[in-house]
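Q: Could we go through this model together? I would like to begin with its surface and then turn to the fold.

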Amino acid sequence: MLDRKYKFSWDLLGNIDLGRPNLGPTTRIEVYRLMQGTFRDVLEQRFGTEATDEIFYESGKMAGQCFYQNVLGDISNYEQLIKALQEALLTMGIGVLRVEESDVEKGSFVFTISEDLDCSGLPELDYEICTYDEGFIAGLLECFTGKGFDVKEIDCWCTGDRTCRFEANISN
């Protein structure tokens, strides 16, 4: 077992009121993108694109699970989940969630997130970049259903679309 110095827990978000009495809980989007972009660049240089994408997906998945447990709480049905998630993402300035397709019984969904943190407003790059978001959605759905999910971004601001679109399906 690895001895871990930086094991994540929700407590590590800290007491924002105490720590930032003047600046509060918000910052500019450029700061988030600067951190994410430089992490991605350094990881890709060291480990390659595929491993970096796996790390971002797994990190997003962990974040989605923690977000579900600590922000959304006890949710009993799908409609309640979507409503609470839309409200939380909007209130926290993460993005605007819409449901395009959903088949709860089959565990198959298509979601869009516009004005998202990761890519809205970036130049076209000819490839999707919201790997972290894929994991985030997978983590949320896993916590809600108790089943694993595969999530893939199929449209992205960076591929010329003006919203990010994700397909989510129960893992086989």
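A: The protein chain exposes about 11,200 Å², of which carbon and sulfur atoms supply 52%; accessible areas come from the Shrake-Rupley method with a 1.4 Å probe, and for residues only the protein chains shown count as cover. This is a predicted model in which local features need pLDDT of at least 70 and side-chain atom pairs count only at pLDDT 80 or more, while totals for chains, interfaces and linings use all residues. Residues are numbered from 1 along each chain as its sequence is written, and side-chain values use heavy atoms, with hydrogens and water left out.

Q: In what order do the elements run from the N terminus?

A: The order is α-α-α-α-β-β-α-β-β, with helices (H or I, at least four residues) and strands (E, at least two) taken as DSSP runs numbered from the N terminus.

Q: What share of the residues is buried?

A: Of the 172 residues, 34% count as buried, that is, under 20% relative accessible area (1.4 Å probe, protein chains only).

Q: Where is Asp133 found?

A: Asp133 belongs to helix α5, residues 131-145.

Q: And which side chain of opposite charge is nearest to Asp133?

A: That is Arg33, 8.9 Å away; Asp133 is buried yet has no salt bridge (a side-chain nitrogen of Lys or Arg within 4 Å of a carboxyl oxygen of Asp or Glu).

Q: What is Asp133 in contact with, leaving aside neighbours within four places in sequence?

A: Asp133 is in contact (heavy atoms within 4.5 Å) with Asp116, Asp118 and Phe166.

Terms used: Buried < 20%, exposed > 50% of the residue type's maximum accessible area, 1.4 Å probe, protein only. Lys, Arg positive; Asp, Glu negative; His and termini not counted.
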